[in-house]
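Please take a look at the protein below.

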Amino acid sequence: MTTTSRLLNLLSLLQTRRDWPGSLLAARLDVSDRTVRRDVDRLRELGYAIHATMGVDGGYRLDAGSELPPLLFDDDQALALAVALQTAPGIDARIGEAAIRALATIRQVMPSRLRHRLDALHVTTVGRPGDAPPNPVSLDVLVTVSDAVRDHETLRFDYPARDAAGDDEAVGGGRELRPPRRVEPHHLVASHGRWYLVGWDLDRDDWRLHRVDRVRPRTPNGPRFTPRTVPGGDVDAFVSARFKGSDVDEWACRGTVVLHLPAHDVLPFAGDGTVIAVDDQRCTLEAGSWSWGSLAASFGRFDVAMDVLGPPELADAFAALAERYAATSQR
């Protein structure tokens, strides 16, 4: 292993955990403790702030420095970064533009062996049917929200309502001014092309999701707060539950039907439902929704004969839909 390769490996290891015993680093790199000390000194000369502790259990810690040192990546890290930059436009258009420029910069300084591998990686991010188109979010707003999450500072921001055309209503303009929202920010989440702020709304005394593209921060921030734990302790599950109109990551209504279609024809359109083949021409589909009526209507999209297995509320919903559709056809 060359000295350069060893330095890259050492730097990569130092970034993966807070403290590294010197003997463990030597074992991982298959070198002596003395070589580790010399390599640490070389990294310090390049601008990396590496703190050393003395004694039997002494080791090393990579700290933040006062200046930005050269960024060194091993092959896998460089390619992973390039793939991440290629998928960024699917999250946010404005971030995507910056990501494309960053990708071009990284490509210019890559060695030829990596550049060829990168050029073979063409990633296209495609949303699922029904996903909202990515909404552009100001990078300044993202940084402001992220800083408040990190520093545990209460955010004060205007949150314009959507008008009938889907545009933000102007603040003021003859309308009564709304007081700013006061939210303890806890998590910044990207989902289906949109950014969301998960926070504790002080005025509503409840957890809320706010779309970051509608957040208009006010300065200065409010006082610091003691972080809370989101219900259930899992941010992913909590956000998924709120998208389902629930406090738990489960649909409020779940039911099962037998569809007179082969399972392989149903699977591509089952979403988060469960498909089980009954025979070559029929299958069961268990799915959920926020109401029995919407669940019954969702099964109707398959446009085939079906039988309700349960529960009775689902059968009642089909009957109510049939009456409503029959009345609609007579108008």
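Helices (H or I, at least four residues) and strands (E, at least two) are DSSP runs, numbered from the N terminus. This is a predicted model, where local features need pLDDT of at least 70, side-chain atom pairs count only at pLDDT 80 or more, and totals for chains, interfaces and linings use all residues. Residues are numbered from 1 along each chain as its sequence is written, and side-chain values use heavy atoms, with hydrogens and water left out.

**Background**

- Most residues other than glycine have a negative phi, and most peptide bonds are trans.

**Positive phi**

- Aspartate 205 sits in the loop between β6 (194-201) and β7 (206-211).
- Aspartate 205 is not a glycine, yet its phi is positive, at about 55 degrees.
- Exposed means over 50% relative accessible area, buried under 20%, and partly exposed in between (1.4 Å probe, protein chains only).
- Aspartate 30 lies in the loop between α2 (22-29) and α3 (33-45).
- Aspartate 30 also has a positive phi, of about 60 degrees, although it is not a glycine.

**Cis peptide bonds**

- Threonine 219 and proline 220 are joined by a cis peptide bond, with omega about -5 degrees.
- Proline 220 belongs to the loop between β8 (216-218) and α8 (235-243).
- Glycine 310 and proline 311 are also joined by a cis peptide bond, with omega about 0 degrees.
- Proline 311 is in the loop between β12 (306-310) and α11 (312-330).

**Strand pairing around β4**

- Two strands pair if DSSP finds at least two bridges between them.
- Strand β4 (residues 155-158) runs antiparallel to strand β5 (residues 181-191), and three bridges join them.
- Three bridges also join β4 to β8, again antiparallel.
- Arginine 156 stands opposite arginine 182 in β5 and opposite arginine 218 in β8.

**The two sides of α2**

- Which residues of α2 are buried? They are Gly22, Leu25, Ala26 and Leu29.
- These residues lie on the same side of α2, because they cover an arc of only 100 degrees around the axis.
- The arc is that of the directions from the helix axis to the C-beta atoms.
- Ala27 and Arg28 are exposed on the other side of α2.
- The cover over the buried residues of α2 includes α1 (3-14), β1 (20-21), α3 and β3 (59-63).
- Contact here means heavy atoms within 4.5 Å.
- Aspartate 30, with its positive phi of about 60 degrees, comes just after α2.
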